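Hi everyone, thanks for making time. Let me put the model up and then walk you through a few spots.

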Amino acid sequence: MKIIMYHYVRDFQVLGNKGINGLDVKSFISQLKYLKSKFNIINPFEIHDIVKRKKNFRKKDCWLTFDDGYYDHYRYVFPILNDFKINASFFPPVITTKQKKVLDVNKIHFILAKCTNKIEILDYIKNKYNYYKNENSQNFQSLINKIKIRNRFDDNTTMYIKQLLQSLLPLKLRKKICDQLFKKYVSNETKFFAKKLYMNLSQIKELHKAGNEIGLHGYNHYWLGRLKKEEQNKEIGDSISFWKKNAIIKDNFTMCYPYGNYNRSTLEILKKNNCLIGLSTKVGSVPIKKYKAYELPRFDTNDFPQ
């Protein structure tokens, strides 16, 4: 089975590219036509039934998944899926649904889109790190040396910036730097920006009512595998509570790991909370049988013709 992962799906004629890497609406429609001709695009709840009954997948099964809760998913993806009579799974973090904050990962996307001089951004991060570090801190080059620079879509400097601001710097410092760079290059109006970028709760309910799955993507979109177990418990538990309170999920839900990051503790917490499926960012097909339901791999949209 093929699981396909989408993030930004935008109408670049209306919004302009503005340096944001995403799939244009026309390309998305072309890709859906291709996928329908080659695969059996199945309803997420049919996937649930297969996993619950421990049945085998079929080679040509295909599942569409959309991460991060972007307004683009409501404005563009939702009506197109309706036209094609396709249901999919959507994974909005709770914090984006409340539309009060812009995720750090998105701040980084828009910072990189606005400032084409990536060395300038990296130097800014280095200077701030050296200013705030204490005597027990690693030197900046040691942090850089930890970064895995192999990536299918980003150059090395971009990977340095993303890794430093997403996870390697201390939480308070990386948030401070993200906020400063976002205000410098993108916008001072964070709440207004968030309202334009993400779906609100009523829009998500509309997707759900139309037969699409809404799954977990964390409360704050943290790297789960880098949190202590009690922190993961809170992150996952608060997310479950929010969606259950709003009658969006029940037991046997799907968890989509933010950044594809998780560990053994994550899996233990999910099992205790009656999660059915976990989606990673590992690249590959899901085995027809003997698949690991909590660690299903996915392909990126760029892995298929558009």
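This is a predicted model: local features need pLDDT of at least 70, side-chain atom pairs count only at pLDDT 80 or more; totals for chains, interfaces and linings use all residues.

Residues are numbered from 1 along each chain as its sequence is written, and side-chain values use heavy atoms, with hydrogens and water left out.

So, the core. In soluble globular proteins, nonpolar side chains tend to be buried together. A nonpolar core here is a set of buried Ala, Val, Leu, Ile, Met, Phe, Trp, Tyr and Cys residues joined through side-chain atoms within 4.5 Å; buried is under 20% relative accessible area, exposed over 50%, partly exposed in between, with a 1.4 Å probe and protein chains only. Setting aside neighbours within four places in sequence, Leu-64 contacts (heavy atoms within 4.5 Å) residues including Ile-4, Tyr-6 and Leu-81.

Next, Arg-174. What is the nearest side chain of opposite charge to this buried residue? That's Asp-104, 5.1 Å away, and Arg-174 has no salt bridge, meaning a side-chain nitrogen of Lys or Arg within 4 Å of a carboxyl oxygen of Asp or Glu. A polar atom of the Arg-174 side chain does lie 3.2 Å from the backbone oxygen of Ser-167.

Last, Asp-303. Asp-303 counts as partly exposed because its relative accessibility is 30%.

Definitions and conventions: Lys and Arg count as positive and Asp and Glu as negative; His and the chain ends are not counted. A polar contact is a pair of N or O atoms within 3.5 Å; within protein, one must be able to donate a hydrogen and the other to accept it, and residues adjacent in sequence count only if both atoms are side-chain atoms.
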